[in-house]
Amino acid sequence: MIRVGLGHDTHRLGPGTALVLGGVAIPHDRMALGHSDADVLLHAITDALLGAAALGDIGELFPDTDPANKGRDSAEMLAAAAGRVTAAGWRIVNLDCVIFLQRPKILPHRATIRERVAAILGIGHDRVWVKAKTGEKVGPIGEELAIGAECVVLIERD
Ligand code: MG
């Protein structure tokens, strides 16, 4: 049996020194704002995995009303979600992700991000793809007010 899952996330941007994407801190003059560490990519992947397995969503498992989730490491949340999915007998076939941001260029960081995401999930980096699109300098993405991410994941079970 195979199942597909879709995840999407958006965070506001503000002045900062680094963007955390896929568990990788990229030096930058803007940062994502949020209750946790605001890693949009890991949040989108977490929701895609949970959705594929019909096991809930990130807001349900890790509510922002719970003080324990304040400033929480998104890698830890993704690992916990992936643990639930694999405990239900699912294996991750692959995931494909898009990050929406005007700056900085993601290409120089892509290999590092893929390795980090694959390590969190315990899969080969050949099963993880990441690409980025700008907002063409219009709208909240293009004006650097927000950052977004989407992920599609395929899982399989005997
Ligand atoms: Mg989020």
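These are my notebook entries, one topic at a time. I reminded myself at the start that this is a predicted model.

**Entry 1: the metal site**

I began with the magnesium ion. Which residues coordinate the magnesium ion? I found Asp9 (OD), His11 (NE2) and His43 (ND1), at 2.2 Å. Next I looked at how these donor residues are spaced in sequence, and the pattern reads D-x1-H-x31-H.

Then I asked myself: is Asp9 buried or exposed? Its relative accessibility is 15%, so Asp9 counts as buried, because the cut-off for buried is under 20%. His11 has a relative accessible area of 12%, so I wrote down His11 as buried too.

**Entry 2**

I moved on to the helices. Two packed helices are described by the angle between their axes and the distance between the axes, so I looked up both values for each pair.

Helix 1 and helix 3 (residues 74-87) pack at an angle of about 10°, and their axes are 9 Å apart. That angle makes helix 1 roughly parallel to helix 3, because angles under 35 degrees count that way. The crossing of helix 1 past helix 3 is left-handed.

Who makes the contact? From helix 1 I listed Leu42, His43, Ile45, Thr46, Leu49 and Leu50. From helix 3 I listed Ser74, Ala75, Met77, Leu78, Ala81, Ala82 and Val85. Sorted by class, the contact of helix 1 with helix 3 has 10 nonpolar, three polar and no charged residues. I was pleased to meet His43 again here, as it is one of the residues that coordinate the magnesium ion.

**Entry 3: helix 1 with helix 4**

Helix 1 (residues 40-52) also packs with helix 4 (residues 110-121), at an angle of about 40° and with the axes 12 Å apart. Helix 1 and helix 4 are therefore oblique to each other. Helix 1 passes helix 4 in a right-handed crossing.

On the helix 1 side, I noted Leu41, Leu42, Ile45 and Leu49 in the contact. On the helix 4 side, I noted Ile113, Val117, Ile120 and Leu121. The contact of helix 1 with helix 4 has eight nonpolar residues, with no polar and no charged ones.

**Entry 4: Ala25**

Last, I picked Ala25, which is found in strand 3 (residues 24-27). With 54% relative accessibility, Ala25 counts as exposed. Leaving out residues up to four places away in sequence, Ala25 touches Ala18, Leu19 and Val20. Ala25 and Ile120 are 95 residues apart in sequence, and their C-alpha atoms are 15 Å apart in space.

Note on methods. Residues are numbered from 1 along each chain as its sequence is written. This is a predicted model: local features need pLDDT of at least 70, side-chain atom pairs count only at pLDDT 80 or more; totals for chains, interfaces and linings use all residues. Side-chain values use heavy atoms; hydrogens and water are left out. Donors are N, O and S atoms within 2.8 Å of the metal (3.2 Å for Na, K and Ca); water is not among the atoms, so sites may look incomplete. Buried means under 20% relative accessible area, exposed over 50%, partly exposed in between (1.4 Å probe, protein chains only). Axes are lines fitted to C-alpha atoms, for helices over the stretch in contact, and angles run from 0 to 180 degrees between N-to-C directions. Helices (H or I, at least four residues) and strands (E, at least two) are DSSP runs, numbered from the N terminus. Angles under 35 degrees count as roughly parallel, over 145 as roughly antiparallel, 65 to 115 as roughly perpendicular and the rest as oblique. A crossing is left-handed if the near helix is turned anticlockwise from the far one by less than a right angle, and right-handed if clockwise. Contact means heavy atoms within 4.5 Å. Ala, Val, Leu, Ile, Met, Phe, Trp, Tyr, Cys and Pro count as nonpolar, Asp, Glu, Lys and Arg as charged, and the others, Gly among them, as polar.
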